[in-house]
Protein chains: 4
Amino acid sequence: MTSPNLHHVTVWYEDTDFSGVVYYANYLRYFEQGRDMFFGIPELKEMYTQTGIGFAVYKAEIHYREGARFGDALEIRTYVKPESDYRIVCDQSAWRVGGTQPLVKATIQMVCVNSEQKLVQVPDWVLKRVAERSPEANS
Amino acid sequence: MTSPNLHHVTVWYEDTDFSGVVYYANYLRYFEQGRDMFFGIPELKEMYTQTGIGFAVYKAEIHYREGARFGDALEIRTYVKPESDYRIVCDQSAWRVGGTQPLVKATIQMVCVNSEQKLVQVPDWVLKRVAERSPEANS
Amino acid sequence: MTSPNLHHVTVWYEDTDFSGVVYYANYLRYFEQGRDMFFGIPELKEMYTQTGIGFAVYKAEIHYREGARFGDALEIRTYVKPESDYRIVCDQSAWRVGGTQPLVKATIQMVCVNSEQKLVQVPDWVLKRVAERSPEANS
Amino acid sequence: MTSPNLHHVTVWYEDTDFSGVVYYANYLRYFEQGRDMFFGIPELKEMYTQTGIGFAVYKAEIHYREGARFGDALEIRTYVKPESDYRIVCDQSAWRVGGTQPLVKATIQMVCVNSEQKLVQVPDWVLKRVAERSPEANS
């Protein structure tokens, strides 16, 4: 059941606010974790250490349908597609395990930047990984 | 220079990540603070305590142009307009003080929910405040 | 290798600050997660929902030896002992997996409070769990 | 009323958890902000940029007496004294404005580290500032 497209998250005390549900910014933390698992942490560290290149979010669109609560086991689903030489798009969602609808959905547009925060082309290994790990690629 | 449409934020250590700039989810924290100042914290507390009603974000669209850094003094600008009996829309942006372009811009759509997280009409005092504090209202 | 005394944590982007290592407050988040796993999330939720009782930290003493970095796989170790009818003490530490010394160590003293934040006795199920899950209990 | 020993903080939604009070790790964020204001953000940035030197917390001892709530206006009090060539100690506390007792008190021991996280002597400008900004210095 381990897949680069799935990341499991537990909702902790710290993630909620006094209204009882997860604070809205925290889903962006969960989605970042899902993307890190999709691309691979060792690979992201190597890219950053050796070339100074990292991802930066350019645009995020988030739809909130239902709030998760303390102790919920969430599944973060991540699908990525290239958009141009300079941009990739991630479709991500947060599901309660066993749920029939996502609690939160997002479209995250990302670019790559160097250590001076200047735009660079998306590296080849990223595009290759996107192609390999996209379910449509095999259909 | 104090205005309900302006909220000042300092970028702290905790707000940055190892890439050197503010972690992308934190702008949603700054924008929430800007909205709390717009509506008024005592008023929000009273609404929640007396009626169980609070705001919930329904949709957020965020454009990231440039990353803020440790120690930056930011200005959060907040303009709100009603959209229907059930929804209000906030145009928000984060500016470096003295900057000529926003670092980050967002459109945040909000609804009101009761203590069971069920949708309720936007209360009258909120609509009144929105009308009073919208610059266009006076032009 | 699953044990109520061990909790695994990945260091994410959000956990670091621009100095490159984990922001110092975040170890308190990791330690809270370790305690939640020790006591059990369903049990903590049931206690809170049915009796309004929850844990509150009364005193924390933290020793920082070395900073964890993005992508590090950490092991949070949690050992708990009762101190009185009103207080339990948690010895916790954060280790890099395979490390020979803890990166951070803490002693966390906790009490139980009701929904008005008033001190109450530590419930019996908590003391029972502490006795069961303390390695010394079996020696 | 502005003083390097006083820093004002508002408790936001994000700072609370579902128990209704501020999540315990967040006081370490407030105390860090208080220290940054004590030493001066431009000075801390210059030290880091020009010499790679920054502060690192070595030991923290925190006493929690009462939880702050959403909307509370807190006053963070910071007093610093040198302990040796390599260590300074900060006595810090969080007060509700107008309160008669601190909500939370902490003793934070700090060292200076260079960009390889190696211990270095506390720079002279820091010791000078500590001497100037310690009320006892003038008595």
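Is A:Glu14 buried or exposed, and what is its relative accessible area? A:Glu14 is buried, with a relative accessible area of 11%. Here buried means under 20% relative accessible area, exposed over 50%, and partly exposed in between, computed with a 1.4 Å probe on protein chains only.

The model is predicted: local features need pLDDT of at least 70, side-chain atom pairs count only at pLDDT 80 or more, and totals for chains, interfaces and linings use all residues. Residues are numbered from 1 along each chain as its sequence is written, chains are lettered from A and ligands numbered from 1 in the order in which they are written, and side-chain values use heavy atoms, with hydrogens and water left out.

A:Glu14 sits in the loop between strand 1 (6-10) and helix 1 of chain A. Helices (H or I, at least four residues) and strands (E, at least two) are DSSP runs, numbered from the N terminus. Beyond its neighbours within four places in sequence, A:Glu14 is in contact (heavy atoms within 4.5 Å) with A:Asn26, A:Arg29, C:Arg29, C:Gln33 and D:Tyr23. Its side chain makes a polar contact of 2.3 Å with the side chain of C:Arg29. A polar contact is a pair of N or O atoms within 3.5 Å; within protein, one must be able to donate a hydrogen and the other to accept it, and residues adjacent in sequence count only if both atoms are side-chain atoms.

B:His7 belongs to strand 1 (residues 6-10) of chain B. This residue is also buried, at a relative accessible area of 8%. The side chains of B:His7 and B:Gln33 are joined by a polar contact of 3.0 Å.

Within chain A, the axes of helix 1 (residues 26-39) and helix 2 (residues 41-51) come within 6 Å and cross at roughly 85°. The two helices are therefore roughly perpendicular (65 to 115 degrees) to each other. Helix 1 of chain A contributes A:Asp36, A:Met37 and A:Phe39 to the contact, and helix 2 of chain A contributes A:Ile41, A:Glu43 and A:Leu44.

Chain B superposes on chain D by a rotation of 180° with 0.0 Å of shift along its axis (RMSD 0.0 Å). That is the relation of a two-fold axis. Superposition is by least squares on the C-alpha atoms of residues with pLDDT of at least 70 in both copies. B:Val9 comes closest to the rotation axis of the residues of chain B, at 5.5 Å (C-alpha).

Conventions. Axes are lines fitted to C-alpha atoms, for helices over the stretch in contact, and angles run from 0 to 180 degrees between N-to-C directions. Angles under 35 degrees count as roughly parallel, over 145 as roughly antiparallel, 65 to 115 as roughly perpendicular and the rest as oblique.
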